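Please open the model in your viewer and keep the sequence panel beside it. The stops below can be selected one after another.

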Amino acid sequence: MLSCKEVTQRAGDWTDGTLSLKQKLAVRLHLLICVFCRRFLRQYKLAAETTALQACQHDHHEVEKVLKMIDDAPRDQHLP
């Protein structure tokens, strides 16, 4: 049986889905009996999703910046 420390050390791999079947089963078995680790992994996953969302928003700002540059570009050039 995994300890709480071992479960928290595997939190990133758990969230990324990169644990082996044996490791997943060991974590799930621990989660059945430990409410603290369930809460920790839930919050860890939420933090990871929030970080990913912020990265997407950063990309959104980059897209807006490029669109503004296109809008501000001189329009006196005529295509053949």
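Begin with the aromatic rings, for which the count comes to one pair, where rings of Phe, Tyr and Trp (its six-membered ring) pair if their centres lie within 6.5 Å, planes under 30 degrees apart being stacked, over 60 edge-to-face and the rest tilted. Select Phe40 and Tyr44: their ring centres are 6.0 Å apart and their planes stand at 35°, so the pair is tilted. Both residues lie in helix H4, four residues apart, about one turn of the helix. Phe40 is partly exposed at a relative accessible area of 34%, and Tyr44 is partly exposed at 33%; here buried means under 20% relative accessible area, exposed over 50% and partly exposed in between, with a 1.4 Å probe and protein chains only.

Before going further, note that this is a predicted model, in which local features need pLDDT of at least 70 and side-chain atom pairs count only at pLDDT 80 or more, whereas totals for chains, interfaces and linings use all residues. Residues are numbered from 1 along each chain as its sequence is written, and side-chain values use heavy atoms, with hydrogens and water left out.

Next, zoom out to the whole chain and colour it by secondary structure. The protein chain has four helices and zero strands, helices (H or I, at least four residues) and strands (E, at least two) being DSSP runs numbered from the N terminus. The radius of gyration of the chain is 22 Å, well over the 12 Å that the globule rule gives for 80 residues, so the chain is more spread out than a compact globule; this radius is taken over C-alpha atoms, and the rule is 2.2 Å times the number of residues to the power 0.38. Along the principal axes, the C-alpha atoms fill a box of roughly 70 × 25 × 15 Å, and buried residues make up 14% of the 80 residues.

Now select Leu2, Val7, Ala11, Leu19, Val27, Leu31, Cys34, Cys37 and Leu41, which form the largest nonpolar core, meaning a set of buried Ala, Val, Leu, Ile, Met, Phe, Trp, Tyr and Cys residues joined through side-chain atoms within 4.5 Å. Helices H3 and H4 (35-72) each supply at least two residues of this core.

Within that selection, centre on Leu31, which is found in helix H3 (residues 21-33) and is buried, with a relative accessible area of 12%. Leaving aside residues up to four places away in sequence, Leu31 touches Trp14, Cys37, Arg38 and Leu41, a contact being heavy atoms within 4.5 Å. The C-alpha atoms of Leu31 and Leu41 are separated by 9.2 Å, the two residues being 10 apart along the chain.

Which residue holds the cysteine sulfur closest to that of Cys4? It is Cys34, at 3.7 Å, too far for a bond, since a disulfide is a pair of cysteine sulfur atoms within 2.5 Å. Cys34 itself is buried at 9% relative accessibility, while Cys4 is partly exposed at 38%. A search of the whole structure finds zero disulfides.

Finish in helix H4 with Asp72 and Lys68, four residues apart. They form a salt bridge whose closest N and O atoms are 2.9 Å apart, a salt bridge being a side-chain nitrogen of Lys or Arg within 4 Å of a carboxyl oxygen of Asp or Glu. Both residues are exposed, and the search of the whole structure finds one salt bridge.
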